[in-house]
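Please read them with the structure open beside the text.

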Amino acid sequence: MSIFIDSSTRLIVQGITGRDGSFHTKQMIEYGTNVVAGVTPGKGGQMFEGRVPVFNTVHDAVRETGANTSVIYVPPVGAADAMLEAADAGIALVVCITEGVPVLDMTVVYPFFKEKGIRLIGPNCPGLISPGKSKVGIIPGSICTPGPIGLVSRSGTLTYELVYQMTRAGMGQTTCVGIGGDPINGTNFIDCLDAFENDPETTAVVMIGEIGGTDEQEAARFVKERMSKPVVGFIAGQTAPPGRRMGHAGAIISGSAGTAAEKMQAFEENGLGVAKRPIDVVGLLKERMK
Amino acid sequence: MNIHEYQAKEIFRSHGIPIPPGDVATTPEEAEEIARRFGGTVVVKAQVHAGGRGKAGGVKLAKTPEEAKEIASRILGMEIKGLPVERVLVTPAADIASEAYVGIIVDRASKKPVFMVSPAGGIDIEEVAAQTPDKIMRLPVDSRYGLRGYQAMELAFFLYKDVKQARAAAKMMQELYEAFMDSGASLAEINPLVTTPSGEVLALDAKMVIDDNELDRRQSIAALRDESAEAPSEVEAREANLTFIKLDGNVGCIVNGAGLAMATMDLVKYYGGEPANFLDIGGSSNPEKVVNALRIITSDPNVKAILFNIFGGITRTDDVANGIVTATKATPLKVPIVIRLTGTNEEIALKILQDNGFSAMSDMDEAVKKAVALAIGNNSGMAA
């Protein structure tokens with residue numbers, strides 16, 4: 001099965017004619033994702049690569065193609081507007097890749113999505129991939145392989161590193177979800193864990209977290225109280241100094257809150273496997289999947 | 001991005017918040033002149049991006065202009081938490097009857113701006129939260145509607161029984177909220193918010209932190225940046241579009257991706273080294289970025305070995321390899337370097353590096369172990 005995306009995904013690319021949008025659309029099409037439309041205001045009527053119709057607005061695209069999913073490659077200043085536009089047009093799943101979205105913009109975007117019951121993933125995320133079925137975003141398909149393990153992560157290339165090591169060890173993935181590195185995002189760890197728990201094809205889950213906030217700690221409690229499947233976690237930033245933003249807008253220790261140690265302890269206390277190094281994830285998975 | 005107290009006060013003042021007058025001095029003579037102009041007792045306050053200025057001796061009363069000059073000469077040039085004091089704010093001292101705390105932050109958990117107020121002002125709010133949490137009132141604000149009048153009054157009544165003071169405080173909360181939203185802040189604080197014996201409500205201190213993601217669309221706020229408060233290497237990195245944080249260790253790290261960069265630092269420590277920095281080179285294999293990254297890392301005398309850790313998904317690893325070769329030909333390295341490349345075009349990349357005499361590998365743990373060994377072995381400062 002997989003979560004959130006599968007072969008029924010009909011995808012719109014917002015920002016399709018931009019540098020990142022066009023490059024990654026080609027990659028997604030090559031992977032087998034069903035890209036049905038693109039949206040760039042002012043370029044409606046064009047064809048992308050001779051095969052994907054471009055529209056001026058998301059409403060137009062949905063009306064003409066029945067799209068149900070959107071991926072956003074729009075610069076930070078316009079990203080919130082693009083997210084709101086997609087939700088307003090009736091898209092069921094919106095994935096925003098953009099890094100640099102002002103946090104205050106997200107305090108408006110988040111409730112809009114919540115109240116409409118529409119799923120937002122990101123912003124500042126690499127998207128998600130269900131190996132062999134569909135890819136929405138920028139996760140390289142070549143490092144993934146189909147299998148029974150779900151993965152959810154706040155990181156980009158660290159996710160690729162873990163997926164790569166899992167694939168090498170013969171541990172394939174149902175879906176890899178990048179929830180992104182921002183302090184306010186549309187989908188959190190618990191949302192993904194819940195979906196993986198309810199996915200018949202997923203038998204174990206890997207969580208990749210980082211410093212900042214309390215998402216991992218709450219997720220650990222969720223794992224103990226509501227999950228039957230084994231979960232293994234890794235936290236990046238064990239050596240991060242407090243008070244400094246470590247690249248990702250959400251990767252910051254505030255005062256004494258949100259440290260890697262705190263998160264790893266929450267994992268420990270709630271029965272998750274705790275990896276000290278990325279490579280330890282594979283061993284812990286093998287142990288817990290017996 | 002941090003801004004100074006005097007800059008935050010200017011923003012607060014422009015939104016109507018009652019703030020006593022004050023002027024900035026960069027020399028003791030200027031401080032004396034300002035004190036003379038104000039007359040009476042003044043407070044001389046160090047302007048640095050650090051908390052605990054009072055405890056560090058950076059906030060002092062001066063009864064005369066001469067005293068202000070003398071105090072300023074001591075505070076200017078002082079270092080508070082490693083930051084040099086280049087400016088002081090001189091402001092008339094106020095008579096204080098009570099001190100309260102008012103702050104707004106964007107709360108990740110509720111995904112909203114949240115007001116926090118406490119009648120226990122003038123001290124560290126985290127301490128109050130830890131010791132007497134019932135002395136703090138929290139109120140989340142729906143940023144689609146703003147701070148409603150009745151919400152401002154709820155907060156104000158938590159602080160003041162006197163209706164006149166509560167109304168003044170409520171008005172000020174709304175002004176603070178506007179200042180917060182208009183500036184793209186992630187934090188805005190007034191600590192202490194005071195009442196005077198005559199019943200006036202005044203903001204005696206101001207603190208604001210601006211969301212870095214707002215700076216591109218708020219040029220006048222971005223212009224408030226004080227580069228002298230940052231490490232020169234970090235200023236240089238930002239100008240080169242690199243994300244860089246200087247630490248104290250011996251292994252310099254250059255990585256693509258923030259999460260992977262943090263994990264690399266963690267792994268360096270795990271294997272017995274100390275990370276010298278956080279550096280995210282992003283998705284670009286552009287040789288110029290590699291040149292800049294190497295220059296910044298090698299300008300740190302504590303760095304005894306350099307570790308490149310690149311996972312190339314979209315990024316082609318052979319592009320990165322060529323970037324490293326180009327960069328190091330232009331500026332030969334004085335410390336040993338270990339390069340780990342995995343991903344797209346990996347075999348080509350490793351060959352390019354090996355042909356140019358570099359230590360190249362595809363396993364992250366092995367690369368980190370090697371870099372740590374080289375750093376420890378290189379403590380004498382000789383290149384491998």
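1. In helix 7 of chain A, the residues that count as buried are Asp215(A), Glu216(A), Gln217(A), Ala219(A), Ala220(A), Phe222(A) and Val223(A). The cover over these buried residues includes helix 6 (189–197), strand 12 (204–210), strand 13 and helix 8 (260–269) of chain A. The length of helix 7 (residues 215–226) agrees with expectation, because 12 residues at 1.5 Å a residue should span 16 Å and the end C-alpha atoms are 16 Å apart.

2. On confidence, it should be kept in mind that this is a predicted model. The model scores ipTM 0.94 and pTM 0.94, and chain B averages a pLDDT of 93, with 98% of the residues scoring at least 70. Where pLDDT is low, the predicted coordinates should not be read in detail.

3. As for the overall build of chain B, there are 13 helices and 18 strands, and the C-alpha trace spans about 80 × 50 × 40 Å along its principal axes. Of the 384 residues in chain B, 54% are buried. When contacts in chain B between residues at least 6 apart in sequence are considered, 66% of them join residues at least 24 apart.

4. The interface deserves a careful look: 57 residues of chain A are in contact with 44 residues of chain B, and the two chains bury about 4,000 Å² between them, 61% of it on carbon and sulfur atoms. Across the interface of chain A and chain B the rule finds 6 salt bridges, and there are also 15 residue pairs in polar contact, both residues being at pLDDT 80 or more. On the side of chain A that touches chain B, the elements giving two or more residues are helix 1 (19–31), helix 4 (103–116), helix 5 (157–168) and strand 13 (231–236) of chain A. Helix 4 of chain A supplies the largest share of that side, with 9 residues.

5. A salt bridge that can be inspected directly is the one in which the side chains of Arg144(B) and Glu115(A) meet, at 2.8 Å from N to O.

6. Leaving aside residues up to four places away in sequence, Gln165(A) touches Pro278(A), Ile279(A) and Val282(A).

7. Helix 9 (residues 258–270) of chain B has 13 residues and reaches 18 Å from its first C-alpha to its last, close to the 18 Å expected at 1.5 Å a residue. This helix is mostly covered, with 11 of its 13 residues buried, and the buried residues are Ala258(B), Gly259(B), Leu260(B), Ala261(B), Met262(B), Ala263(B), Thr264(B), Met265(B), Asp266(B), Leu267(B) and Val268(B). Just after helix 9 of chain B, Gly272(B) takes a positive phi of about 100 degrees.

8. The bond from Gly122(A) to Pro123(A) is cis, with omega near 5 degrees, and Pro123(A) lies in the loop between strand 7 (119–121) and strand 8 (127–130) of chain A. The bond from Asn191(B) to Pro192(B) is also cis, with omega near 20 degrees, and Pro192(B) is found in strand 10 (residues 185–195) of chain B.

9. Which backbone angle of Lys111(B) is positive although Lys111(B) is not a glycine? The angle is phi, at about 60 degrees, and Lys111(B) has its place in the loop between strand 7 (98–107) and strand 8 (112–118) of chain B. Lys111(B) is buried, with a relative accessible area of 11%.

10. Asn345(B), which is not a glycine either, has a positive phi of about 65 degrees. Asn345(B) is found in the loop between strand 17 (337–343) and helix 12 (346–355) of chain B, and at 29% relative accessibility Asn345(B) counts as partly exposed.

Key:
Residues numbered from 1 in each chain as written. Chains lettered and ligands numbered in written order. Heavy atoms only, no water. Helix = DSSP H or I, 4+ residues; strand = E, 2+ residues; numbered from the N terminus. Buried < 20%, exposed > 50% of the residue type's maximum accessible area, 1.4 Å probe, protein only. Expected span 1.5 Å × (residues − 1). pLDDT = per-residue confidence, 0-100. Contact = heavy atoms within 4.5 Å. Buried area = accessible area lost by both parts, 1.4 Å probe. Salt bridge = Lys/Arg side-chain N within 4 Å of Asp/Glu carboxyl O. Polar contact = N/O pair within 3.5 Å; in protein donor to acceptor, adjacent residues only side chain to side chain.
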